[in-house]
Amino acid sequence: QVQLQESGPGLVNPSQTLSLTCTVSGGPITTNGYYWNWIRQPPGKGLEWIGYIAYSGNTVYSPSLNSRTSIFRDRSKNQFTLQLSSVTPEDSAVYFCARLQQDAAMDYWGKGTLVTVSS
């Protein structure tokens, strides 16, 4: 059974960098055909896709967040990390990590973690 767990600070100061890590169990993140995603949901709003790191290590980011986003992985720990720079209160949201199976849907999600951007 695949499980994903988000971790990181719940409070970030404006203009700083938000950093969250997703720890994956149940299979290596390098398994062919899987894409490891970050998605967020601001309070009262819908889901917003942020980006992914593929099994190959390639990354793709949302065009609206591309200039502030970095996703990288630690294969030894089976983790992938989101960094979002220059955050503002508008970046406050519940952040989820999720697995996308190639040519299918996101089939496994973490429970989500609330991040608030405030001084």
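Does N37 count as buried or exposed, and at what relative accessibility? With a relative accessibility of 1%, N37 counts as buried (buried is under 20% relative accessible area, exposed over 50% and partly exposed in between, with a 1.4 Å probe and protein chains only). The model considered here is predicted, with local features needing pLDDT of at least 70, side-chain atom pairs counting only at pLDDT 80 or more, and totals for chains, interfaces and linings using all residues. Residues are numbered from 1 along each chain as its sequence is written, and side-chain values use heavy atoms, leaving out hydrogens and water.

N37 belongs to strand β4, residues 34–41 (strands are DSSP runs of E, at least two residues, numbered from the N terminus). Its side chain makes a polar contact of 2.8 Å with the side chain of W49 (a pair of N or O atoms within 3.5 Å; within protein, one must be able to donate a hydrogen and the other to accept it, and residues adjacent in sequence count only if both atoms are side-chain atoms). The N37 side chain also reaches the backbone oxygen of Y35, at 3.0 Å.

Turning to the aromatic residues, seven aromatic pairs are found in the whole structure (ring centres of Phe, Tyr or the six-membered ring of Trp within 6.5 Å; planes under 30 degrees apart are stacked, over 60 edge-to-face, the rest tilted). The W36 and F80 rings are a tilted pair, because their planes lie at 55°, with centres 6.0 Å apart. This pair links distant parts of the chain, as W36 in strand β4 and F80 in strand β8 (residues 79–84) are 44 residues apart. Both W36 and F80 are buried, and together with Y34 and W38 they form one aromatic cluster.

Methods
Helices (H or I, at least four residues) and strands (E, at least two) are DSSP runs, numbered from the N terminus.
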